[in-house]
Every structure is written in C-alpha cells, then in structure tokens.
Amino acid sequence: MFRSTKKIKLINHYRILICLCFPFGLCAQQQIPLDEKRYVDSLEHVLLSDRADTLKAEAHFMLVDYWKFKDTLKSKTHLTAGKKLTTTSLYQQAVIPFYEGQYYYNSNPGKASAAFKKAISKLTPFHDKRAYEKLAAAWYNYALMNKDAKGYDFIMKITLEKAIPYAERAHNKVMVGHYYTQLATILMNNAQFSKSLMYNQKAVAILEKTAPKSSTLLFAYLNGVSICCYTEQSEKARYLLHKAKKLLAPYPDSVNNTLYYYNETLYYTTVNDLDKALASADLGILMAGKYHQDQMVQQLLFRKYDIYRRQKDFRNARNLLLDIVKDQTLMRNPIDKAMIYGELARTSAALKDYPSAYSWLEVQKKLNDSINTGESRIKINELETRYRTAENRRRILALQSQNRQAALNSKNERLYSGILAIGCLLLFVILGFAILNARSKRRLAEQKEINYRQQLEELERKQQLKITKAMLDGEECERERVARDLHDGLGGMLAGVKINLSSWAGDQSQVWEDKSFRKTVDQLDSAVSELRRIARNMVPETLLKFGMETALKDLCEFYMREGLEISYEFFDIRKDIPLTIQLNIYRIIQELVSNSIRHADATRILVQCSQNESFIFITFEDDGAGFDPASFRNSNGMGLENLKNRIAYLKGQLEIISAPGEGTTVNIELNTVTDE
C-alpha cells in the first residue's frame, strides 16, 4: 500500500514533464538524423549538382525541416527556393503547404496548423507510398499544433485513426514504430504505464530491425527510460539509457543530445544521485539554449527545481519556479499550470512564507476547479481500446478470408455435391444476418456516444454560464456595498467635517481671510465630489431609477470634457429588459468608454445602441491611438477579462477593428434572453 501511494505521488509530481517527445516528436521522415553533418552535406551536394529540379526542390524542402529549430532564416530561404522549383510537379506543389507547416512548426502553431490542414487537402487525391507518408506526417503534426486547444485525446485519435493507418498503407515500418512511440508517450503522460510500456516495446522491436541507427530508435529508447523511471524500474532505465548513449556517442554535437541529457537527469534523480543529475541538467540547458530549444530549456529547469527541492534548497527551487512562470512556455496547458502553482505553494510553505503559499494554493484551486483530467484519461483509454479492437478485427477478417478461400476450394473440388452447396448457402445467409446485426449494434453504440457527448457539452456550457453569472453578480454586489460604505460612511464624515468647519468659521470672521483655511475647505469640497463620483461609477443610480437608455446618456455626458466629444445614439431600446442584463450592458459600454479615455487619448467617441427583438447591437468608435487586436485576444487584464465574461454571459459576439494610429471600432451583438 505504501509503495502504491508513493508511486501515485511521484506520478502527480512529475505530471508536467512526462510528455518528452512532443516538442520534437515529428514523424520519422521529419526527425533530425544523428549524423547531421553528413545529412546536410548530402543535401547541399544535390543542390550544387546538375540533378533535376524536382530532386533539388525535395532537397530544399528537407533542409527547411532541418533548419527550423536552429536557424529560421535559413529554413525560410530553402522554403522559398523549393517553391520556385516546383512548377512542373503536381505532387510537389501539393507538398508545399506541408513544408510551410514545418517552417512555422516551432514559431507559430496557428499558421502551422492551417498549413498542415491545407497539405492534407491537397495530398488526399494522390494514392502512392510517398503521399501516404506525407499524409501520415501532416495529420500527426496537425494534431500536435492543436495539443493545447484540444488535448491529448485529440492527438491519440488522430494517431490511431489517421497517422498509423497511412503509415501502414505506405508500408513504412519506421513510421509505424515512431507512432507507437508517440502512443506510448500519450499513455505515459496520462499515467497508463503498463499500456505505455507495451507500445514502446513494440516500437523498439520494430525499429531495432528496420532502423537500428536512427534518431527514431533513439527516441524510443529515451521514451522507455522515462517510463521506467516513473515506474521505479531503474535497472531497465539504465539499460535503455546506455543504448541511447551508445547511439549518440559518435555525434556529440547532435541536437538530439538535449533529449538524452534530459533523460539522464531524470534517471540520476530517480536513483537519488542528485549531484550527477544537476550536472546533466546543466549540460542539457547549455545545449538546448545553443539550439534555441526553448521548451526543453524550461523542462530541464523544472528538473533542476526538483533536484533543489530534494536537496532542501527551497530558495533556489522557488526562484527556478518563478522563472518558469515568467517564461510562460510550460504554462500553456491548464493542468501543467496548476501543477506548477501547486509546487510554488509547496515550496513557499517549506520556506515558511505562508502568505505566498496560501496565495499560490488559491490560484491552483481556481485552475483545478475547471480541469477534469479523468475525462481525458477515459477518452484516451477508449481510443486505445478501440484501436486494439480494430486490430483484432482485422486479424479475424484475415482469418475469415482464408477460411472462405478454403471453403471455395472445397466447393470447386466438390462442385457436383448438392448437399455441400446448400450448406454453404445457409452459412452465407447466417453470416449475412450476423453482419447486419453487428452493424445495427455498432450504429446504436455510435449514436449513444454522440448523444452522451452532446449532453456533456450542454452540461459544461450551463455550468460555465452559472459560474460567470455568479462571478458577475458577486462583483456587482461588492460594488454596491463599497459604494454604499463610501457614500454613507466616508462621504457623510467628510460632509460633517466641512459643515463643522464652516459653522465654526462663521463666528470667526478673520478665519475666512486665511488662505490656508479657504484652501482646506476647497480641498474638502473636491474630496466629497471625487468620493461621490467614485460611488456613482460603482453603482449607477440613474440606471436603477430611470432605465438603461437614460443611464447610458448620463454616462456619456459625465465623461465629456474640453477636448473630448462623446456622441450617443439609441434606437428602439425596450424598457422591459431584465435589470441584471441592463446592468451588464451598462458595464460593457462603461468599460469601452473608460479604456478609450485612459489608453487611446481619443478626442471623439461615438456610442450607438439598438435593439431588434431579443438582440442588442452596440457600435463603439473612437479616433484614438488604436492597437493590435491580437494583443487584446491574448490579454489577461482584469478590465478586459470582465468585458469578455459579460459578453460571454449574454451569449454575445465581439468584433474589434483597429490598427496602431487608426482608431478603434468595436461591434458587439448581445442576447437579452439567457439560460438561468
């Protein structure tokens, strides 16, 4: 029982770093070979020779992939040169988007994803070995580019249903072995270690026969090291690490050495040889920095954090975690993010910095509330089981085909036997009924799965709506409470002080002649006005008394001053809109006006608001400094986050049209009918 609990803790603690192959896990044809110099020299030789343009184009494209991690300028140069040489080959024209995706692979996942999707569309009409290989790689790389958005179960699905089948159709055993390694990685990342080890052993068995000196086999060895370390099989890990080291020994400058140092660090940590682990991590960081492998640098920093934690050097451990949070490379996945915050809380507590520990724990709790790792694990298990079932079914079909052939031979030999003919006919009838019955059951199961997914998505949407509503309601309640305290408490006190001073000064005529006294009274007046302005912004009394249209007009007039003109137009705004929705619309426009004044230095603002049945349309324009809309989408500021939440709560749509120096236009569509 103790051993099991210890293993679970180990798995949970290293959850963020189990996925080793994803930063470099391309298909076999796109991996960087061990003998890089010989590989590059051979391709450069093709470019300098009198070979056909199609061969030179292929060499350029392969160099696109080689340089994408090391020198993006060279990668771009080879991509451009390859495109120019593909004027006569339809297949190579179809391959261009694939290598565009390879070029953007490490720098722009969005563009890479779109390029791989385009490559899939263009390559599908081709039916030969090379097209199938590229389709396998394009599908898998497309899945990798969408890992943060769609999760590991999406990569698992694409690997099982697209990448492996295309690799098998291409009869490329190296690719099949590579994708078995990737399946092992996904299963390992979800703590399915027995299945993970099974697929990795299958990969090693294939690759040792077909590609014994390849980087693909190297990755399979190192993947096995990770699995064995996380399952405390240190002897097996040492054996595989030795094999990997032997493969890499002739190539000390290979970019693949960074992954080796990572696994060597993991192994020495597992056997508690922490000084050697620290030395290996430092070597890996140095080499990963040299080759611009930013994610590997961060993963090795996390390994160093764990070493410092084990050495009880909690101050250095926490500093490394803070550097990782600042870099953000390992913070893209919510589960990994929550894990790092949990480690910050744990380390801060060890330093007796309990306020920081509590703060990090609160951040982790909020993230954990929105994460359901179990569901992803179930999906991955279902996909893997479905794949194994499909493999078994193929074997059964192959056996059935052999049996049918034997039956056909027997029928030909006994052609004149009527009894056997009738028996065979009955057999086929029964088989037909069985197939129809199986198809019917399969369709019913598929429909049930679709219904379940739809119900799950609907429940998730409703839950998110409840959370957003509770957050917005809580915010408004807190605004109202603070405004009431300011107005009734501090406001009353300041007004009382002013009245007392004025009353006292009324009996002391010489006091009014004192400039300092008059300045003090004026300052009290300004303080009371400022406090009332703050209270009014927090709770729009005009909205509560006279409705949204009057409140919005009052808001626009309130912000107008010399040098700032605000025009407002309202059309067909109904009076029966629920108060909570009116308040959210008011806050949205208030946030837009406030942002324009504070950040854009606008001199003219236009606010238009109209209603058509249950839909509210808002148009906001200013002539301010403008900005890049992409920065808005990536922004996590509190004001912008509240704006997004309010629009989402009202099932709205947001469009921003802006550019630096050209002002800003914001179009918003909201629905006044919400699901409570």
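How many aromatic pairs does the structure hold? I looked this up before anything else, keeping in mind that the model is predicted. The count came out at 18 aromatic pairs.

**Entry: aromatic rings**

I took Tyr267 and Tyr268 as one of these cases. The two form an aromatic pair with 5.5 Å centre to centre. I noted 55 degrees between the planes, and the pair is classed as tilted. The class follows because planes under 30 degrees apart count as stacked and those over 60 as edge-to-face, with the rest tilted. I then checked the accessibility of Tyr267 and found a relative accessible area of 10%. Tyr267 therefore counts as buried, since the cut-off is under 20%.

I also looked for a cluster of rings. Phe61, Phe98, Tyr99 and Phe116 form one.

**Entry: charges over rings**

I searched for charged ends placed over rings and wrote down two cases. Arg130 has its charged end over the ring of Tyr91, 3.8 Å from the ring centre. Lys150 has its charged end over the ring of Phe154, and here the distance to the centre is 4.5 Å.

**Entry: Asn257**

Is Asn257 buried or exposed? I read a relative accessibility of 7%, so Asn257 is buried. I located Asn257 in helix H14, which covers residues 257–270. Setting aside neighbours within four places in sequence, I listed the contacts of Asn257 as Leu248, Tyr251, Pro252 and Met287.

**Entry: the sheet**

I traced an open sheet of 5 strands and recorded the order S1-S2-S3-S5-S4. The pairing in this sheet is mixed. At the edges I found strand S1 (565–571) and strand S4 (653–658), each of which pairs on one side only. On average, neighbouring strands are turned by 10 degrees against each other, direction ignored.

I then followed one pairing in detail. S1 runs parallel to strand S2 (residues 604–612), and the two share 7 bridges. For Phe571 I looked up the bridge partner in S2, which is Ser610.

**Entry: helices on the sheet**

Which strands does helix H26 touch? I found that H26 (residues 579–600) packs on the sheet and touches S1, S2, strand S3 (615–622) and strand S5 (664–671). The direction of H26 makes about 10 degrees with that of S3. I also noted helix H25 (residues 548–559), which lies across S1 and S2. H25 runs at about 170 degrees to S1.

How values were computed
Residues numbered from 1 in each chain as written. Predicted model: local features only at pLDDT ≥ 70, side-chain atom pairs only at ≥ 80, totals over all residues. Heavy atoms only, no water. Pairing = 2+ DSSP bridges. Helix = DSSP H or I, 4+ residues; strand = E, 2+ residues; numbered from the N terminus. Axes fitted to C-alpha atoms, helices over the stretch in contact; angles between N-to-C directions. Contact = heavy atoms within 4.5 Å. Phe/Tyr/Trp six-rings, centres within 6.5 Å; stacked < 30°, edge-to-face > 60°. Buried < 20%, exposed > 50% of the residue type's maximum accessible area, 1.4 Å probe, protein only. Lys NZ or Arg CZ within 6 Å of the ring centre and 35° of its normal.
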